[in-house]
Amino acid sequence: MNKKNIFENILKKKIPANILYQDKKVTAFTDISPKAPVHILVIPNFFIKNLNEINKKNLNILSHMMYVAIKLAKINNIHESGYRIIINCNKNSGQEIQYLHIHILGGKKLKKI
């Protein structure tokens, strides 16, 4: 399966995912290769390749993604101990899947970066 389409396939329910949250704008699910006890991905329900493609027409999606990330941090009880939100952009940052997504990491002491 083409990695760049994996999120689209999750949205179309062609491949299974542990969906934790979904609304008209975004979908959130657990990462299949977690880097922390809590590792959740939040994606828009429409394709945006990466941060470089944010423009005046779609910029509101970022605030909604952050709102959902914070909500999920609270639901997963990592909001007080601490969590990290990461958005990678392109190859050198570590973006493996060319589809905008937020990583929420927590549930343990994370290494300093």
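These are my notebook entries on what I looked up in this predicted model.

**Ground rules**

I number residues from 1 along each chain as its sequence is written, and I work with side-chain values that use heavy atoms, with hydrogens and water left out. Since this is a predicted model, local features need pLDDT of at least 70 and side-chain atom pairs count only at pLDDT 80 or more, while totals for chains, interfaces and linings use all residues.

**Entry 1: the helix α2**

I began with α2 (60-75), taking helices (H or I, at least four residues) and strands (E, at least two) as DSSP runs numbered from the N terminus. α2 has 16 residues and reaches 23 Å from its first C-alpha to its last, close to the 22 Å expected at 1.5 Å a residue; the expected span is 1.5 Å times one less than the number of residues.

Which residues of α2 are buried? I found Ile61, His64, Met65, Val68, Ala69, Leu72 and Ala73, where buried means under 20% relative accessible area, exposed over 50%, and partly exposed in between (1.4 Å probe, protein chains only). An α-helix has 3.6 residues a turn, so residues three or four places apart point the same way. The buried residues of α2 pack against β1 (19-22), β2, β3, β4 (83-86) and β5. After α2 comes asparagine 77, and its phi is positive, near 55°.

**Entry 2: the nonpolar cores**

I then looked up the nonpolar cores, each a set of buried Ala, Val, Leu, Ile, Met, Phe, Trp, Tyr and Cys residues joined through side-chain atoms within 4.5 Å. The largest has 17 residues, of which Val26, Val42, Met65, Leu72 and Ile104 touch the most other members. Two or more residues come from each of β2 (26-30), β3, α2 and β5 (102-106), and α2 gives the most, with 6 residues. Apart from this core lies another of 8 residues, including Phe7, Phe29, Ile43 and Ile97.

**Entry 3: β1 and β2**

How do β1 and β2 pair, in the parallel or the antiparallel sense? They pair in the antiparallel sense over 3 bridges, and two strands pair if DSSP finds at least two bridges between them. A hairpin of 3 residues joins β1 to β2, and I noted that glutamine 22 has threonine 27 in β2 as its bridge partner.

**Entry 4: aromatic rings**

My search of the whole structure gave 3 aromatic pairs. Rings of Phe, Tyr and Trp (its six-membered ring) pair if their centres lie within 6.5 Å, and planes under 30 degrees apart count as stacked, over 60 as edge-to-face and the rest as tilted. Phenylalanine 7 and tyrosine 99 are edge-to-face, 5.7 Å centre to centre with 85° between the planes. This pair links distant parts of the chain, with phenylalanine 7 in helix α1 (residues 6-11) and tyrosine 99 in the loop between β4 and β5, 92 residues apart.

Why is the pair of phenylalanine 47 and tyrosine 99 edge-to-face? The ring centres of phenylalanine 47 and tyrosine 99 are 5.3 Å apart and their planes stand at 75°, so the pair is edge-to-face. Phenylalanine 47 lies in the loop between β3 and α2, 52 residues from tyrosine 99. Tyrosine 99 is buried, with a relative accessible area of 1%, whereas phenylalanine 47, at 44% relative accessibility, counts as partly exposed. Phe7, Phe29, Phe47 and Tyr99 form one aromatic cluster.

I also checked glutamate 8, which lies in helix α1 and counts as partly exposed at 23% relative accessibility. Leaving aside neighbours within four places in sequence, glutamate 8 is in contact with Phe47 and Tyr99.

**Entry 5: asparagine 50**

Is asparagine 50 buried or exposed? Asparagine 50, found in the loop between β3 (38-44) and α2, is buried, with a relative accessible area of 4%. The side chain of asparagine 50 makes a polar contact of 2.9 Å with the side chain of asparagine 90, and a polar atom of the asparagine 50 side chain lies 2.8 Å from the backbone nitrogen of asparagine 52. A polar contact is a pair of N or O atoms within 3.5 Å; within protein, one must be able to donate a hydrogen and the other to accept it, and residues adjacent in sequence count only if both atoms are side-chain atoms. Beyond its neighbours within four places in sequence, asparagine 50 is in contact with Cys89, Asn90, Gln95, Gln98 and Leu100.

Terms used: Contact means heavy atoms within 4.5 Å.
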